[in-house]
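Hi everyone, thanks for coming. Today I'd like to walk you through a few places in one protein model. Let's have a look at it together.

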Amino acid sequence: MSSVSASGTALVAPVSGKVIALTDVPDPVFSSGALGEGFGVAPTSGDVVAPASGTITMVAETGHAVGIATPDGLEVLLHLGVDTVELEGRPFHLTAVVGQEVRSGQALGTMDLAAITAAGKDTTTIVAVTNSAKALAGLSIAAGQTRAGASVATAVLKRAEAGSASPRAAKADDGLTGFDATARDIIAGVGGADNIRSVIHCITRVRFYLKDESLADDAAVTSADGVIDVARAGGQYQVVIGAAVGDVYDAVIKQVPRLAEGTDEAEAAPAAPKPTTPIGWVKYGFSSLIGVITGSMIPVIGVLAASGILKGILALLTQFNVVDTGTSTYTFIDAMASSMFFFLPIIIGFTSARRLGADPIIVAIIGGVLTFPSVVSMADSSAEDYHVIARIGRTVFNSDFFGIPVSLPEGNAYAYSIFPIIVAAWLASKIEPWLKKWIPAVVRSIFAPLLEIFIVSTLVLVVFGPIVMTISGGIAQGVSWVLGLSYPVAGLLIGGFYQCLVIFGLHWAVIPIISQQIADPGYSPLNAIVSASMIAQGGGALALWVKAKSPRIKQLAGPATISALCGVTEPAMYGLNLKYGRVFITASIGGAVGGLLTGLFDVNMWGFTGAFVGFPSFVNPEGLDGSFTGFWIASIVTLAVSFLATYFFGFKESDFETERTVEKVRLGNREPVAR
């Protein structure tokens, strides 16, 4: 059994076998000490016992790992085998549960060594003290053969000096580790659970809607393990995590369960004080609009990207005569690729209603009105049956509703636009409370939806739809005018500055324009320029990965480079390029060069997904043309310029000296001097 003595706390072998030093463990994450000091055991038996006494704080769903918090403040992780998470729990049969008090040497269950070996995995069992930097003064290990439950290591605890305890040090006593500890620190840093209205996440960021943003402590949040940076934009407090964003989000939800309820998203609107000046109102309105667009688009952006890639693949299959147009195979694949775009109002109706607090099902039905076959048929009238009921400026009213002129956009542009349905969701959020107040409860379930669908659909079709489509069409025409005036100059400017929008989360406002262009005329020159700007940020991160001597920078730069070259630039920008400010500038220079070349080669995109992973989007459905070769030339030059500019001019060696100093300070368990 483990015990606390003058010499320290004893840790026991979790399995019978040969005790080895942590540096000999065949897992680079553990052997490097990244998860704390510890030891490994090459097991000869599958019986598993607790390596220390304490409270079980975590049991992995796959059964391959257990966390234990000891009474004296150690956070002990027991990891069964290497990369065994991929075995989905089949070899593990543990009886341990979260919250259970255990004694060192107490049986926790078994693992099937033969099954692990047969699956090609290593059976080495690892014990690591994950809060070593805070809690340990040293760890001595007795290597060699041992039996399960025998004392094999002694942990010497650090002594806390009187009056030196900090809130962060005290948090270690709650027993939380890993993503749970990160979530705990983030929640505390944003002002506590009571200050959170709602929370969502995208590919790289956990996005909080706070009641009072002034209560959020940026320094406290960024100091949490696993946090890359923070940003405030669009009414959101955005915590940049990277690839583990889903795990951190789940941990936040686990600690604040009310955030998992869909109704909580009704409170997601920014709670900032109302402005008092005209300029303040403009900023407030724009910030709120971006917040709604972000909250509505984030849940579906991955599917949009996948649909865009599939459209590009279908174009390739057609180009190389693998699939013929007009065949049933082509029709089925085209439906898979295009349905997301065609029925976008239904899907965005659901997500925007949740964001604004309306009934998602009802607003999705209103989205169905905009894409209903008969309405589409009226909107896409042929020349012989097209008729003009009224005309105001350039707006043609080609239908009527009880004698009221209605303008339906040709080509069913409603099916590819998110703005009309977002307006519908906003209207529904205002009308629903009124209907619930005045309609008797006994008939409310029938007549409230009936009236809401009729009223909101009418307002969208007759009033707000034409207004919104006119405005969005004007924006799209303005962008098209700039591109038509001088595509290379537009490429130079947009390629150089687009990622500045990403910093503040404003890039979501561009997505509807790109979607509109892909719908009509069928391709997007704007998205082609955006693609070059993504690759440029990856080039900057790649230069850091190649030149940096700091292990911490290399660990961030590798995944960030891959992410950016696949079209997700946040990890590269927040984790590296913005941190070393000149890197962002040199990378943006690469984006400007790439945008210029995109314009010079007249590159267009027929799909949604950009960067290298989106190369099928540059295939013209009517046949390979200069867009495909221009994309590769512009992309490769963009990567080269960004890489070389960053490598030679993007940073000084003193930047890395600062980073190494910070790492040494952290290892000494003192506060960082810089971040």
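**Helices that meet, and a buried glycine**

Let's start where Phe 179, Asp 180, Thr 182, Ala 183, Arg 184, Ile 186 and Ile 187 of helix 5 touch Asp 247, Val 248, Ala 251, Val 252, Lys 254 and Gln 255 of helix 7. Sorted by class, this contact of helix 5 with helix 7 has seven nonpolar, four charged and two polar residues. Before we go on, please keep in mind that this is a predicted model.

How do we describe a pair like this? Two packed helices are described by the angle between their axes and by the distance between those axes. For helix 5, residues 178-189, and helix 7, residues 245-255, the angle is about 65° and the axes are 8 Å apart. That makes helix 5 roughly perpendicular to helix 7, since the roughly perpendicular class runs from 65 to 115 degrees. The crossing of helix 5 past helix 7 is right-handed.

Now find a second pair: helix 11, residues 344-356, and helix 14, residues 419-438. Their axes come within 8 Å and cross at roughly 40°. Helix 11 and helix 14 are therefore oblique to each other. The contact of helix 11 with helix 14 has eight nonpolar and three polar residues, and no charged residues. On the helix 11 side you'll find Pro 345, Ile 348, Gly 349, Ser 352, Ala 353 and Leu 356, and they meet Ile 421, Ile 422, Ala 425, Trp 426 and Ser 429 of helix 14. Helix 11, too, passes helix 14 in a right-handed crossing.

Next, helix 12, which covers residues 360-370. How many of its 11 residues are buried? Eight are, so helix 12 is mostly covered. The buried ones are Pro 360, Ile 362, Val 363, Ala 364, Ile 366, Gly 367, Gly 368 and Leu 370.

Last stop: Gly 630, in helix 22, residues 626-649. Is Gly 630 buried or exposed? Gly 630 has a relative accessible area of 1%, so it is buried, the cut-off being under 20%. Which residues does Gly 630 touch, leaving out those up to four places away in sequence? They are Phe 601 and Val 603. Asp 602 is 28 residues from Gly 630 along the chain, and their C-alpha atoms are separated by 7.5 Å.

Definitions and conventions
Residues numbered from 1 in each chain as written. Predicted model: local features only at pLDDT ≥ 70, side-chain atom pairs only at ≥ 80, totals over all residues. Heavy atoms only, no water. Axes fitted to C-alpha atoms, helices over the stretch in contact; angles between N-to-C directions. Helix = DSSP H or I, 4+ residues; strand = E, 2+ residues; numbered from the N terminus. Parallel < 35°, antiparallel > 145°, perpendicular 65-115°, else oblique. Left-handed = near helix turned anticlockwise from the far one by under 90°. Contact = heavy atoms within 4.5 Å. Nonpolar A, V, L, I, M, F, W, Y, C, P; charged D, E, K, R; others polar. Buried < 20%, exposed > 50% of the residue type's maximum accessible area, 1.4 Å probe, protein only.
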